[in-house]
Amino acid sequence: MDSKAKVARLAMISNSFLLVGKLTAGIMMGSISVISDAMHSGLDVVASFIAFLSVRQSAKPADDLHRYGHGKYENLAAIVEALLIVCAALAILWHAIPRLIYGQGDVDALGLGMAVMMVSAAVNWYISSRLFKVAKETDSPALEADGWHLRTDVYSSVAVFIGIVLIKITGWHIIDPIVAICVTVLILRVAFGLLRDSLGSMLDTSLPAEDEEVIHKLLKGHERQYVSYHKLRTRKAGSHRHVDLHLVVPRCRTIQEAHQLCDAIESEIEKELPLSTVLIHSEPCRPPENCEGCKAKCQGKKNEETSCGE
């Protein structure tokens with residue numbers, strides 16, 4: 001939690017400085033692309049603040065109102081960030097299209113603009129790399145969304161920088177709104193990707209195939225001790241995974257043996273998939289369909305009734 005909050009706070013501070021610098025340069029230059037990039041940085045400040053609040057909220061333990069914890073606050077924050085990115089893109093188009101059509105305004109102080117864009121790209125590349133690193137370590141969707149938010153800012157700053165260079169070389173000021181529109185397309189692409197992933201978690205989409213494969217592999221390692229398993233369900237809330245399944249055990253096993261087996265499997269899954277909550281329901285095999293599978297497992301044991309499920 002501490003590392004997540006620290007990097008989110010760092011993103012807020014850096015975005016605030018970049019917002020002031022870009023906005024000042026954009027007004028002095030009269031550049032719609034630089035001002036648009038400043039608007040993007042303004043939303044970056046808001047997005048970083050949302051990410052900061054969400055990681056603090058998601059770290060709270062489960063309570064009477066949130067029995068499964070607060071992990072989905074991070075998914076909600078990622079959705080809000082994606083919508084903010086869309087708003088930034090629409091605002092850029094609102095200002096860029098009229099200038100492209102009517103050719104209003106020239107761009108001045110090109111050297112200042114180039115310097116501001118270079119600094120912005122460098123700073124945001126560093127901060128977004130930090131966000132991605134912590135997001136990967138903690139499996140945080142909010143920090144990942146904030147990282148992509150800043151990484152799009154890097155790309156837009158580079159695009160604006162290239163546009164300013166081209167204006168300086170050619171003298172064609174129409175390049176300014178063209179670059180702004182190109183930046184918008186890039187921003188929207190990232191926003192829709194974030195929305196798709198975050199909405200999937202909010203709607204309880206299953207864990208990725210590679211995560212479920214880990215679960216199947218761990219279960220296979222204990223196949224000599226149970227008959228079969230079914231009703232495997234997985235979902236994610238923020239960085240927390242939830243797994244539940246039904247495990248069919250031989251009727252000859254005692255409640256304690258079935259419980260120990262479930263504990264062992266749960267422990268292994270939680271070790272391989274950090275921040276997982278695993279629930280296994282054990283049930284006895286039901287003759288005659290499971291009889292063949294139980295013969296070897298009940299070798300030498302008395303076939304007595306247990307209260308595992310009946």
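What follows is a chat about the labels given to parts of this model.

Me: What kind of model is it, and how are its residues numbered?

Reply: It's a predicted model, where local features need pLDDT of at least 70 and side-chain atom pairs count only at pLDDT 80 or more, while totals for chains, interfaces and linings use all residues. Residues are numbered from 1 along each chain as its sequence is written, and side-chain values use heavy atoms, with hydrogens and water left out.

Me: How many helices and strands are there?

Reply: The protein chain has 9 helices and 3 strands, in the order α-α-α-α-α-α-α-β-β-α-β-α. Helices here are DSSP runs of H or I with at least four residues, strands are runs of E with at least two, and both are numbered from the N terminus.

Me: What makes Met117 buried?

Reply: Buried means under 20% relative accessible area, exposed means over 50%, and partly exposed is in between (1.4 Å probe, protein chains only). Met117 has a relative accessible area of 0%, so it counts as buried. Across the protein chain, buried residues make up 47% of the 310 residues.

Me: Where is Met117 found, and which residues does it touch?

Reply: Met117 is in helix α4, residues 110-138. Leaving out residues up to four places away in sequence, Met117 touches Lys22, Val34, Asp37, Ser157, Val160, Phe161 and Ile164. A contact means heavy atoms within 4.5 Å.

Me: What makes a group of residues a nonpolar core?

Reply: The members must be buried Ala, Val, Leu, Ile, Met, Phe, Trp, Tyr or Cys residues, joined through side-chain atoms within 4.5 Å. The largest such core has 28 residues, and Val34, Met117, Val160, Ile164, Ile187 and Leu194 touch the most other members. Helices α1 (2-29), α3 (72-102), α4, α5 (141-170) and α6 (175-202) each supply at least two residues of this core. The largest share, 10 residues, comes from α6. There's also a second, separate core of 20 residues, including Val7 and Ile50.

Me: Why are Tyr226 and Tyr229 called an edge-to-face pair?

Reply: Rings of Phe, Tyr and Trp (its six-membered ring) pair if their centres lie within 6.5 Å; planes under 30 degrees apart are stacked, over 60 edge-to-face, and the rest tilted. The rings of Tyr226 and Tyr229 are 6.0 Å apart centre to centre, with 70° between the planes, and they form an edge-to-face pair. The structure holds 1 aromatic pair.

Me: Are those two tyrosines buried or exposed?

Reply: Tyr226, at 4% relative accessible area, is buried. Tyr229, at 26%, counts as partly exposed.

Me: What makes Arg151 a charge over the ring of Trp125?

Reply: The rule asks for NZ of Lys or CZ of Arg within 6 Å of the ring centre and within 35 degrees of the ring normal. Arg151 lies over the face of Trp125, at 3.8 Å from the ring centre.

Me: What about Lys231, is it buried or exposed?

Reply: At 54% relative accessibility, Lys231 counts as exposed. Lys231 is in strand β1, residues 228-237, and has a positive phi of about 55° although it isn't a glycine.
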